[in-house]
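Below is a model to look at before reading on. Questions and answers about its folds and contacts come after it.

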Amino acid sequence: MGERVLIALGGNAMTAPDGSASPVDQRQAVEGAMAHVAALISEGHQVILTHGNGPQVGNLLLKNQLAADVVPPVPLDWCGAQTQATIGVLILNALGGRTAVVVTRTLVDAGDPAFQNPVKPIGRYFTEAEARRFEELGQTWREFPGRGFRRVVASPRPLEILDAPAALALMDAGYTVVVAGGGGVPVVRRADGSLGGVEAVVDKDTAAAVLAPAVRATVLVLATDVPGAVAGFGTAEARPIGRVTVGEMRALQAAGHFASGSMGPKVEAALRFAEGGGRAVITSLEHIGGALTGGAGTIIEP
């Protein structure tokens, strides 16, 4: 009997090796990624997929900016929804069979401190003149010395994946489901109980840690472009991390082994899931099969 595996695909699964994100690049990258997913399904595992969307949202934001004098820019939550659908169609075509995509909302707290201190960079670098132009539309831009100005937005903590029940129903009907792409479209609950989108992005790996128990996954796989996490990365003492307990990984985290801009969010998401009783894996797509049998990747156990 296979396991119920939630795979959080990184940006490398959606773009060419050099990071380019033309339609052809994205289609070929997704087809390559889905070949690994199909292998897991053929082995009897039930797979749920979530994915990043940074390059795709960046492209939409650039179109917003270039066409702002002709077409009103669309809000960031719309960009998230559009990329969920676009990437979802690529996955549908590549994976085939009984596959479904759920356009997904993620509930966040309107009072989350992240809204008072937007720090998540999105989109491309622009000149100061361009940045000031868009600040007039209510956006926040920050200078990155030597590179230019880049928009920054809030990245609030995900509280609930609102459309997880729809994903569960499809899974129970035998579908491979794509859900919470890009961390989900962030929404807040208004005073009257209704929901509304907000100008923010949710970290995809953090959202995956919330999604995994909601869809009753037994394994959370955080797929990246390296075989696993490394202790002492970039030093002469660097060593790969194989099978570890939550306590051992927390100790490595506390010692500063995982950078906040790279492996850090994946390690934290993996630890959150494992602390809830599941098994978390950090590895590359090509090593997922081996990681499920304990022979590859970083495996964090309760």
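Predicted model: local features only at pLDDT ≥ 70, side-chain atom pairs only at ≥ 80, totals over all residues.

Residues are numbered from 1 along each chain as its sequence is written, and side-chain values use heavy atoms, with hydrogens and water left out.

Q: In what order do the strands of the open sheet of 3 strands lie?
A: Strands here are DSSP runs of E with at least two residues, helices are runs of H or I with at least four, and both are numbered from the N terminus. Two strands pair if DSSP finds at least two bridges between them. β5 (120-126) and β6 are the edge strands, each pairing on one side only. With antiparallel pairing, the order is β5-β7-β6.

Q: Why is the pair of F126 and W141 edge-to-face?
A: Rings of Phe, Tyr and Trp (its six-membered ring) pair if their centres lie within 6.5 Å; planes under 30 degrees apart count as stacked, over 60 as edge-to-face and the rest as tilted. The structure holds 3 aromatic pairs. In one of them, F126 and W141 have ring centres 5.9 Å apart, and the pair is edge-to-face because the planes stand at 80°.

Q: What angle does the direction of α8 make with that of β12?
A: An open sheet of 8 strands with mixed pairing has the order β3-β9-β2-β1-β12-β16-β17-β15. Helix α8 packs on this sheet and touches β12 (219-224), β16 (279-284) and β17, where contact means heavy atoms within 4.5 Å. Axes are lines fitted to C-alpha atoms, for helices over the stretch in contact, and angles run from 0 to 180 degrees between N-to-C directions. The direction of α8 makes with that of β12 an angle of about 175°.

Q: Are α7 and α8 roughly parallel or roughly antiparallel to each other?
A: Angles under 35 degrees count as roughly parallel, over 145 as roughly antiparallel, 65 to 115 as roughly perpendicular and the rest as oblique. Helix α7 (residues 246-254) and helix α8 (residues 264-275) pack at about 155°, with axes 10 Å apart. The contact includes V246 and M249 of α7 and V267 and L271 of α8. The two helices are therefore roughly antiparallel.

Q: What is the handedness of the crossing of α6 and α8?
A: A crossing is left-handed if the near helix is turned anticlockwise from the far one by less than a right angle, and right-handed if clockwise. Helix α6 (residues 204-214) packs with α8 at an angle of about 15°, with their axes 8 Å apart. That makes α6 roughly parallel to α8. The crossing of α6 and α8 is right-handed.
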